[in-house]
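Biologist: Hi, I'm new to reading protein models. Could you walk me through a few features?

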Amino acid sequence: MNHVTKQILFGAVLILMSALGYLIHYLLFRDLHHILIYLVGDIAFVFIEVLLVTLIIHKLLEWREMQNRLEKLNSVIGVFFSEIGTELLSYFSDLDANLDTIRNDLLVSLQWTDKEFQEVTRCLNAYAYQVEPVKLDFEKLNLFLLGKRDFLLILMGNPNLMEHELFTELLRAVFHLAEELKLRNTISDLPATDRRHIAGDINRVYGLLVREWISYVKHLKNNFPYMFSLAMRTNPFDQTASVIVK
């Protein structure tokens, strides 16, 4: 007996039991009018019950579950920036000769509104992220990413992250950059063409990092002021930032 057949049989049994209950009621009280009043009323209320349960309560539960998932995702993103993201941002931004054109846009404050975050995000999406290839220390970057390889693999294996497209794309870009550096036998004396190729991979990571960072900072500002304070005191784009509270 398959699952559908069992459900049909179960439904038929429930209807039969309901009919039996009404029959017993009629045999005991001989009041068909009373039975019909409540029967029609109960049937009419079923549609309101469906509305309440399926369209309202169910949607509220879905929204709450989604909020819980997003909270967990943002916690993972926070760990990412703590372990690797902020340091990469600091390194890449130091090698960006044009950063001063958007630096002030990245000095987030408690007074920022959602509208300001939207405007900055639009500005950042149009910015050309470019590190200077000749200044890149590939050996240093390779050692750093190798040390974070296990951490990246753990994040890549988290199925919940697939719901966050931008962060998933960022992880793939970082992992690809790590692979590019790891697979070269020597990276101390690369030709200019190869340095430009790797710089292109770095620029991809750099741009995704900045956009994800501003989104994460917005989340902290709106939900966790104490974590936002630390993020601003370690802001990789603020040349005067200091973790020491003054």
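Biologist: Which residues does Lys221 touch, not counting residues up to four places away in sequence?

Modeller: Keep in mind that this is a predicted model. Here a contact means heavy atoms within 4.5 Å. By that rule, Lys221 touches Ser109, Leu110, Gln111, Trp112, Phe117 and Phe228. Lys221 itself sits in helix 7, which covers residues 192-223.

Biologist: And is Lys221 buried or exposed?

Modeller: Lys221 is buried, yet it has no salt bridge. A salt bridge needs the charged atoms within 4 Å, while the nearest side chain of opposite charge, Asp114, is 6.0 Å away.

Biologist: Okay, now helix 6. Why does Val174 count as buried?

Modeller: Buried means under 20% relative accessible area. Val174 counts as buried because its relative accessibility is 1%. You'll find Val174 in helix 6, residues 165-182. Setting aside neighbours within four places in sequence, Val174 is in contact with Phe80, Ile84, Leu145, Leu152 and Val205.

Biologist: What about Leu170, why is that one buried?

Modeller: Leu170 has 0% relative accessibility, so it counts as buried too. Leu170 also lies in helix 6. With neighbours within four places left out, its contacts are Phe80, Val205, Leu208, Leu209 and Glu212.

Biologist: How many residues apart along the chain are Leu170 and Glu212?

Modeller: They're 42 residues apart along the chain, and their C-alpha atoms are separated by 8.1 Å. Now try Val174 and Ile214: 40 residues apart in sequence, and 18 Å apart in space, C-alpha to C-alpha.

How values were computed:
Residues numbered from 1 in each chain as written. Predicted model: local features only at pLDDT ≥ 70, side-chain atom pairs only at ≥ 80, totals over all residues. Heavy atoms only, no water. Helix = DSSP H or I, 4+ residues; strand = E, 2+ residues; numbered from the N terminus. Buried < 20%, exposed > 50% of the residue type's maximum accessible area, 1.4 Å probe, protein only. Lys, Arg positive; Asp, Glu negative; His and termini not counted.
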